[in-house]
Amino acid sequence: MASLVESVPASALRSPGRRWPDGSFRLLAILAAATILALIVLVGWVLYIGSGDSIHKFGWRFLVSSQWDPVTEIYGALPFIYGTLLSSVIALVIAVPLGVATALFLTEMAPQWMRQPVVTVIEMLAAVPSVIFGLWGIFVMIPWLRDHLFQWLKSTLGWLPLFSGPVYGVSMLAGGIIVAIMILPIITSVSREILRSVPNLQREAAYALGATHWEVIRIAVLGYARRGIFGAAILGLGRALGETMAVTMVIGNRPEISRSLFAPGYTLASVVANEFTEASSPMYLSSLMEIGLVLLGLTILVNVLAQIMLRTLTGSGTRKVA
Amino acid sequence: MPAAAISLRPSEVQQGWRRWKSRLITCAMGLSAAVVMTPLFLVLYFLIREGASSLDWNFFTQLPKPTGETGGGMANAIVGTITLLAMAAVIGVPIGVMGGIYLAEYGSERGNDGLRFAADVLNGVPSIVWGMVIYVILVTPFKTFSAYAGGVALGLMMIPLIMRTTEEVLLLIPQSYREAALALGIARWKIILVIVVKAAMKGIVTGILIALARVAGETAPLLFTALGNNFWNHNLKEPIAALPLQIFAYAISPYDDWHRQAWAGALVLMLLILGTNICVRLLSRDRRI
């Protein structure tokens, strides 16, 4: 940026009288940009300090114990970690194939007139607030899942431990499905950007060898974009881990580790949402802070990974904020 | 594909199968696109079906009724959401825009890469975590949930969003504008504010509106900051109602009448957000820069 601007000596540009507004404006801009870094430090620091008591008392056991008992003041986060990871994995299993297929449809196959409307609809889906998905989940999706999809899964795949046990409706699987809906837009739009960056030469070469449309996609396009699509999936995972309201409303909020996907679960974000204002003792509050710290650590790790994958791919940081 | 390789051409049967497979997969992908779009239509359909009938004069002018009584409205929550958004904008817009100016006009390439990276990571911080952090900073010390705390939580979430969009539009302004202005001897800060930012104003406003629409629906960061309130908020140092909070509280309640109102509130919130998004689209359709 500003190659010519920088090559002109600064002193030549400014008469001494108005040097100070220039300097202070620049300083303001620097401060604003530095806010970003300050905020990252602040968020991590506040949670770390806040969870001090809990870290000191429980140590590593906090992460591997599944007892969560405010009465005896013993806290372990395992059921929540399990619930967060499992619901996110379910969401990815559903959303990645659908999202990538949609992105392929939009870049490779759909007629030109159809593309923009579909993209707009998907962007609108991304704009729906979490709490509205939750509301819809409680009153529309859950009853439908309970009476139809889950019954069908139980009767056909019931011999698998995953689909055994009583069907309540609110469940780990319902949580995974609602998160899948919510991360579909980001996976689709990032995949689409990646696919659009695949050079046309790549496709033309495959066509010239007599490949069919699908073969072109499989060999020339997907082979080239594999890494970026993986990055898109990881970015979706980052969103899935932190998803709060919709999940809280449909997952059942029971801190147990069950083999069945029909059983209720609980996630890190949900337990904070439900219990934070009720935390009566300092140790309770501190444990919830540590839950937040674990959640923050997980999401930052996953997001950093995703950004690295997507950045090394496009070679520049000017990718749109997803 | 007509006329592929001549001598090595596979048998007709094999060719036919390959073509069929390709068509089949095309269909499957089209179907995926339809499946991905379905939830939006389902959500909108149910919002209108369940919510539209409850949108009456009372809904926009009345306070919520106590448990057990039917009727009442969400007037305080609607005003609360607007108040919170205004406070969020006061924090998020100046910092976000100035940060974007730094990235586009001042920063070095390597420093900028780091800052963009940090902004994207910050953007991925779960919204519930913002709620906890603001609780510690602004609720515990003052011993009360407050509208201020809610506004700050939403405002901080807006910063990385606005910063990135502002930077993007500023970079689209031709370098020759800046050079021409410099040649006239205008101070750098004036060039940026009066020429560059002005030329990019439409794009910056678009980015701000999108960020506002995004935080307008946030519930998690408000749970332990703004808290919610069944009455009018007369003092920003006290808890304030917000549409998403009210929808959440009513949705998980056991009363049918509250469920009805939750749908109505959700419809209003959705119209607000979709309306903003559509406006932005119309605004930026004929955007030259």
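Predicted model: local features only at pLDDT ≥ 70, side-chain atom pairs only at ≥ 80, totals over all residues.
Visitor: Which residues in α9(A) and α11(A) meet?

Guide: On the α9(A) side they include A:V179, A:I183, A:I186 and A:I187, and on the α11(A) side they include A:V221, A:A225, A:G228 and A:I229. The residues of this contact divide into 14 nonpolar, three polar and one charged.

Visitor: Why is A:N253 called buried?

Guide: Let's count around the residue. A:N253 has 20 other C-beta atoms within 10 Å, and a residue is buried if 20 or more lie within that distance, so A:N253 is buried. Its place is in the loop between α12 (245–250) and α13 (268–275) of chain A. A:N253 also has a positive phi, near 55°, in a residue other than glycine.

Visitor: And B:K143, is that residue buried or exposed, and how do you know?

Guide: B:K143 has 6 other C-beta atoms within 10 Å. The cut-off for exposed is 12 or fewer, so B:K143 is exposed. You will find B:K143 in the loop between α5 (127–139) and α6 (147–171) of chain B. Although B:K143 is not a glycine, its phi is positive, about 60°.

Visitor: How does the radius of gyration of chain B compare with that of a compact globule of 289 residues?

Guide: Such a globule would have a radius of gyration near 19 Å, but chain B has 25 Å. Along its principal axes, the C-alpha trace of chain B spans about 85 × 65 × 35 Å. Buried residues make up 49% of the 289 residues in chain B.

Visitor: How many helices and strands are there in chain B?

Guide: Chain B has 12 helices and zero strands. Take contacts in chain B between residues at least 6 apart in sequence: 74% of them join residues at least 24 apart.

Visitor: How many residues of chain B are in contact with chain A, and which helix gives the largest share?

Guide: 83 residues of chain B are in contact with 81 residues of chain A. Helix α1 (residues 12–51) of chain B gives the largest share of chain B's side, 18 residues. That side of chain B divides into 59 nonpolar, 14 polar and 10 charged residues.

Definitions and conventions:
Residues numbered from 1 in each chain as written. Chains lettered and ligands numbered in written order. Contact = placed C-beta atoms within 7 Å. Helix = DSSP H or I, 4+ residues; strand = E, 2+ residues; numbered from the N terminus. Nonpolar A, V, L, I, M, F, W, Y, C, P; charged D, E, K, R; others polar. Rg over C-alpha atoms; globule rule 2.2 N^0.38 Å.
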